[in-house]
Amino acid sequence: MPAIQSSTMIGRDAELAEIAASLGVRPARAAADLTDVLLSGDAGVGKTRLLRALRDVAVGEGWQVHAGHCLDFGDSALPYLPFSEVLGRLVVEQPDVVTEVGAAHPALARLLPNRRQMSGPAAEQVDAEASALDRADLFRAMAAVLEAAARRAPLLLVIEDTHWADRSTRDMLSFLLSRLDPGGFAVVASYRTDDLHRRHPLRRQVAEWSRLRGVDRITLSPLDDDDVRSLVRELVPDGLPDAEVADVVARAEGNAFFVEELVSAAADPGSVVPADLADVLLVRLDRLDDDARQVVRTASASGRRVTHELLEATSGQTPAALEAGLRGAVEMNVLVADRGAYAFRHALLGEAVYDDLLPGERARLHARYVSALSEGTARGTAAELARHARLAMDKTTALLASVRAGNEASAVGGPDEAAYHFQQALEILSGDTERAGRAGGGELGDHGVDLSKLVVKAAAALVQSGDPERAIGVIGEQLERLPASASDAWRSRMLSAQAEALYITEEIETDALAVSSRAVELAPEGDSGLRAQVLANHAKILAAYGRYLEAETVGLDALELAERLDLHQLVVDVITTLSGLKKAGPKEGLRASLEEAVGRAVAADAIHAELRGRFLLGRSFEDWGEFDAAERWFASGIERAVDAGLPWAPYGFEARWQLAWICIVRGEWERALDLMVVEGPFPPPIPRAMLTSMRLQVLQHRGDDVGARVLGLRPFWRREGAVAIHAAPVEMVAAGRRDDPEAAVAVYDDAVAVLSRIWHEWFSARIRLAAVAVGVVADALERRGTAERESMVRHVERLHGDGHTVLDRYQDPSGYWGPEGRAWVKRLDAETLRARWRSGIEAPPLDVLVETWRETETLFADFGHVHEQAIVQTRLAGILRATGDVAGARELGDRARETARRLGAQPLLDELRAIGSAAAPRSPEGAGTVTLTTREREILDHVAQGRTNGEIAKLLYISTKTVSVHVSNILGKLGASGRTEAAAIARRTGLLD
């Protein structure tokens, strides 16, 4: 399959600007200031594409561009080939210039393409003439024709792939680059750095050219990871799976050509190198001698990097042959020396060499590595031994080494690597129950493995790496494979671990509490460490289900047993669970208990209990709106998680998520965005979706159209309710901006349907969702006809009722309804009144409407949500202006505008601008500053003509009741006692034409 190629240059804007500046590709640049450029970079890194972009820029600035190419003809390369190519183009485009220069410099004729294609006796005559030719005349002739052409317009001469240039071409370039007078033309010469081995003839000349005055040397470095992802999106607009994109990023190493080839092959992670790319890469091996080829093939079995010690033990070469082979491979840029070891210059080159090995050859090489590592002939890691043993089909060694590698990774905070190794061990054990372990034999006794412990370790590593769903699947698969003779202890251990993973996900198909209860039933009686662990997990899950009294009873049993068995870390974990149960009492007691639990966890080095305690403390302060204290505890949890290598582990990631939310609430949007970027491994799917939903909120607040992007989060709603909670309002606002309130209501219904299945029907966040949806509907009401208004108001009443049902049914052991909840309840009430007011259907008294919005502003100020408070101020300002209180509207608008400017909230600024564009007051006599809506002006006109409410209703196709509401609002705004007075005031103040 041919490679998919991008027509867009990605990630090279800085280099393009640098080259253009060096060359002087600007209209105002003086000819005497022109600079030449040497452009270097590895094969495929993007030199040619960059030169094409440079050509387009130069042509756009009025330059003429001529390019010549060096070709890989080996020793039979035609002298001066790129210059003949350039001269041939000049003959076609500027024949008079070539003729004029040729008359003064006869040597120029020797470079004409038609003079170089002769064969037979004529060719012998040409060669004889060429050998007698004074090369200096030829060089001067080429410079003269370029200068003559440049007199018409600045000229850019591009010579590509000079690593293939013959000596004559290199000498010609030396002459042109060393000229003192630029002559109105500039030179760009490109070459591959990875082809410049130590004996390459261009190597010395590049060093000489770089020292010349007026020559800049620019090296094209690999694309960074973000640019590679952008290139992948350009190549595959519909997108690739995240794992495949990550694989391309890792394997391509920033090389654009490699990216295109890997994407074209649609390679699965870890698959072989595409055939076309392998052919290109393996050409490098043809330049090596036998010793070097043997070294390279041996090194390929080790992966990207191999120590000298391992090569000595596995290559089968004498020390002299090994050193000679290594020197050859290094000089030819196949291997590079790397801190006492050797690495392939390109990882894909190592893959291509390895793929080229015969199956038997691979197995023998891996067996040599196993022997060297097992016998101590060379040093290496358990992970290396596991890999080589697995590929050498040595299952016993691979099993033990995989378990050891997983343990080592867990000990140093590498959950991703640990999960990989433990799963590799499980794969080896798959279907081999005899090897899986013997009761009483110990975890690794007699070459056996306790399968249940291995499964739990794999699941724990997956949970800590941010993939609890995978952990649930792994345990479920292993439970299905257990033979009937497997012990209850094994089943209990695995079921308890599965229940623990279940309760931190939104899995609704399997009841975590039922699974945990079954684990307790199967747990061994008496002084059993397993029973203590199972009880501890069960207490944690009971608490998550709100069964606090049972959780306390089970937790105390677990604590007593763990203390009796001196299981210090488990003791701390249970204490943390019991401390969290004090939520039903005064908050001070809860916090004191949790702080003590955190101290115990730190002393016992129980990192997971510590993270849970810090998170619970942060949530306690957050729930009460005490954001400074909440921030301290969340930040400390993030720091501890990162230091332990567990950025995606439960409670470590949740602390990051909650702190980002607090930053959004407080208006610290840049800090929030920074928190959403985590150094290190690629985020797991669910944490990434959670962070994305938060990021899109900020971008939407700043005016970005994120409607299409937020729809991509829909598949994650059922997997993590928090994604729905934050993404659904973004969808609603996007619907409102495209004037589609019905879509906003549909989003509300979809979110409620999903979250009701995950949690329960009357979850507290439903109030916020309802308030946002009602606000979108209220914004659109005045642009709808009567029938549509009545339908939309029915939606409003339904959503308002939903919110108050939640409030009526709210249950929390503390009985506390926090500042966030109070603010959103009042906001729902305020948006509902605004919708009625704008629709004219059961419109509220103006004083009630205004007072409710003032209360809403106060409550959002108490809550501390900066942006939402500004939204409330903006909407209240609009209401005040419409009711005639311009001074109050201006005061609120100014406060909201200051906030919006600080945040960069452009949509809010636009809304404020629209409010501020209303007509200035024109009433000299007590009517105040009056602003009527379009509908009110229309009705006032009919009132002034003496029509009744019924007549107006028929003319405007609305109900008489709606007309009555509008008339009442008009009288109130004008301060009129009746319809006649209202008409008179309107005429005097200019409200009527």
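These notes go from the whole chain to a sheet, the cores, one glutamate and the cysteines.

**Ground rules.** This is a predicted model, where local features need pLDDT of at least 70, side-chain atom pairs count only at pLDDT 80 or more, and totals for chains, interfaces and linings use all residues. Residues are numbered from 1 along each chain as its sequence is written, and side-chain values use heavy atoms, with hydrogens and water left out.

**Whole chain.** I counted secondary structure as DSSP runs numbered from the N terminus: helices are H or I with at least four residues, strands are E with at least two. The chain has 48 helices and eight strands. Next I looked up burial (buried is under 20% relative accessible area, exposed over 50%, partly exposed in between; 1.4 Å probe, protein chains only). Of the 993 residues, 54% count as buried. I then looked at contacts, meaning heavy atoms within 4.5 Å. Among contacts with a separation of 6 or more, 67% come from residues 24 or more positions apart.

I found an open sheet of three strands in the order 6-8-7, paired antiparallel. Two strands pair if DSSP finds at least two bridges between them. Strand 6 (305-307) and strand 7 (335-338) are the edges; each has a single partner strand, so one side of each has no neighbour in the sheet. Strand 6 is joined to strand 8 (residues 341-344) by three bridges. Val 306 sits opposite Tyr 342 of strand 8.

**The cores.** A nonpolar core here is a set of buried Ala, Val, Leu, Ile, Met, Phe, Trp, Tyr and Cys residues joined through side-chain atoms within 4.5 Å. Which residues touch the most other members of the largest one? In this core of 240 residues, they are Val 259, Val 296, Leu 311, Leu 335, Trp 717 and Met 732. Helix 38 (residues 766-780) gives the most to this core, with 11 residues. I followed Val 296 further. Beyond its neighbours within four places in sequence, Val 296 contacts Leu 285, Leu 288, Ala 329, Val 334, Leu 335, Phe 344 and Val 353.

**Glu 260.** Glu 260 lies in helix 11 (residues 256-265). Is it buried or exposed? Glu 260 counts as buried, because its relative accessibility is 3%. Its side chain makes a polar contact with the side chain of Arg 49 at 2.8 Å. (A polar contact is a pair of N or O atoms within 3.5 Å; within protein, one must be able to donate a hydrogen and the other to accept it, and residues adjacent in sequence count only if both atoms are side-chain atoms.)

**Cysteines.** I searched for disulfides, pairs of cysteine sulfur atoms within 2.5 Å. The count is zero. Cys 70 is buried at 3% relative accessible area, and Cys 663 is buried at 0%.
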